[in-house]
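Work through the exercises below with the sequence and the structure open. Try each task before reading its solution.

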Amino acid sequence: MMEKDNGQIPLSLCIPTNGVTDWVEPVLESIYAQDVTEDAFEVVVTDNGDNADFYDMMQRWCAEHNNIRYRKTTAQGFLNQIECFQDAEGEYIKFVNHRMMLKEGALQHLLDFVTANRENKTICYFLNGCLPLPEISKYDDFDGFVRALSYYSSWSAGFGIWKTDFMSFAQSHIYNKLFPHTDMLLHNYTKRCYIIDNYNLMKSLPENHPKGKYNLFYAFAVEYPGIINNLYRNGYISIQTLLYVKKDLLKFLADLYIDYCILHRNCSYDLSGIWQNVDIYFGRDKFLLKVILRFAKRVIKKFFPLGA
């Protein structure tokens, strides 16, 4: 049985959702299929959608398990995360994307993290193998942590936070509406121990429903680099880290443009104002050049794979 600290449940798995049944139910199944006693964790689901079938499904899950809680919320977009975290009662809050199933052993891995780090409250990001980093990377300074994560600090699925840190943060902060998780992750500037956990813990479900309706290029070309730029302006990261993250982010933005504006991959995002948005932190000429280079690289890789 998982040891509790002062009677508090060790782990809260928070699933903010807009009520997509065939995403959330497989995620719940992946959690409860793990060989972990249910008194070691809780599941919190907050729903800002309008799906009666989803509501009925959640009532069944709540009737079957004592450690799951569900409620409707009017919080819109990414601020639904905050509603979900506020309901959490665990020592550690782990965001669980509503279309990412936990792999076998992932739940025990998270519980082991809580046990090993509850005393010093290590700041951790769960990268899920997205970058070529070791399975565990430790950083003694915030600057190195931000640089190693690059633009993945914008990705909500890897986010986790100690409940005490969340409560302290929530009392005095107005959240970024698009990146509240990034706000919280990058707020711990004081001397702490930082970890990037790169174990492959999650598996994505098919994108068979719209992922979001926000302005994609405003989010990643204006709001997110604005957060990173403010870290530099306030002396929390170095100019080298700022430039490193912006360089990686420019590649990411170019790939988004190729996927959604050239190849017309299906999406529900708002794609308006692209050139005005990229102008603010990158410049449209530099962005266009990066698009051309990234697209050429894809073509070469497709037709000349051995030489790519």
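**Exercise 1. Is Pro305 buried or exposed, and where is Pro305 found?**

Step 1. Pro305 has a relative accessible area of 53%. Buried means under 20% relative accessible area, exposed over 50%, and partly exposed in between, with a 1.4 Å probe and protein chains only. Pro305 is therefore exposed.

Step 2. Pro305 lies in the segment that follows α11 (284-303). Helices here are DSSP runs of H or I with at least four residues, strands are runs of E with at least two, and both are numbered from the N terminus.

Step 3. Between the C-alpha atoms of Pro305 and Gly105, 200 residues apart along the chain, the separation is 36 Å.

The model is predicted: local features need pLDDT of at least 70, side-chain atom pairs count only at pLDDT 80 or more, and totals for chains, interfaces and linings use all residues. Residues are numbered from 1 along each chain as its sequence is written, and side-chain values use heavy atoms, with hydrogens and water left out.

**Exercise 2. Locate Gly105 and give its accessibility class.**

Step 1. The loop between β5 (100-102) and α4 (106-117) holds Gly105.

Step 2. Its relative accessible area is 36%, so Gly105 is partly exposed.

Step 3. Gly105 and Phe85 are 20 residues apart along the chain, and their C-alpha atoms are separated by 23 Å.

**Exercise 3. How many disulfides does a search of the whole structure find?**

Step 1. A disulfide is a covalent bond between the sulfur atoms of two cysteines. The criterion used is a pair of cysteine sulfur atoms within 2.5 Å.

Step 2. The search of the whole structure finds 0 disulfides. Cys62 is in none, and the nearest cysteine sulfur, that of Cys84, is 12 Å away.

Step 3. For Cys193, the closest cysteine sulfur is in Cys124, at 9.4 Å, which is too far for a bond.

Step 4. Cys62 has 25% relative accessibility and counts as partly exposed. Cys193 also counts as partly exposed, at 27%.

**Exercise 4. Describe how α5 packs with α9.**

Step 1. Two packed helices are described by the angle between their axes and the distance between the axes. Axes are lines fitted to C-alpha atoms, for helices over the stretch in contact, and angles run from 0 to 180 degrees between N-to-C directions.

Step 2. For α5 (residues 142-149) and α9 (residues 239-262), the angle is about 15° and the axes are 9 Å apart.

Step 3. Angles under 35 degrees count as roughly parallel, over 145 as roughly antiparallel, 65 to 115 as roughly perpendicular and the rest as oblique. Therefore α5 and α9 are roughly parallel to each other.

Step 4. Contact means heavy atoms within 4.5 Å. On the α5 side, the contact is made by Asp143, Val146 and Arg147, and on the α9 side by Gln240, Thr241, Tyr244 and Val245.

Step 5. Sorted by class, the contact of α5 with α9 has 3 nonpolar, 2 polar and 2 charged residues. Ala, Val, Leu, Ile, Met, Phe, Trp, Tyr, Cys and Pro count as nonpolar, Asp, Glu, Lys and Arg as charged, and the others, Gly among them, as polar.
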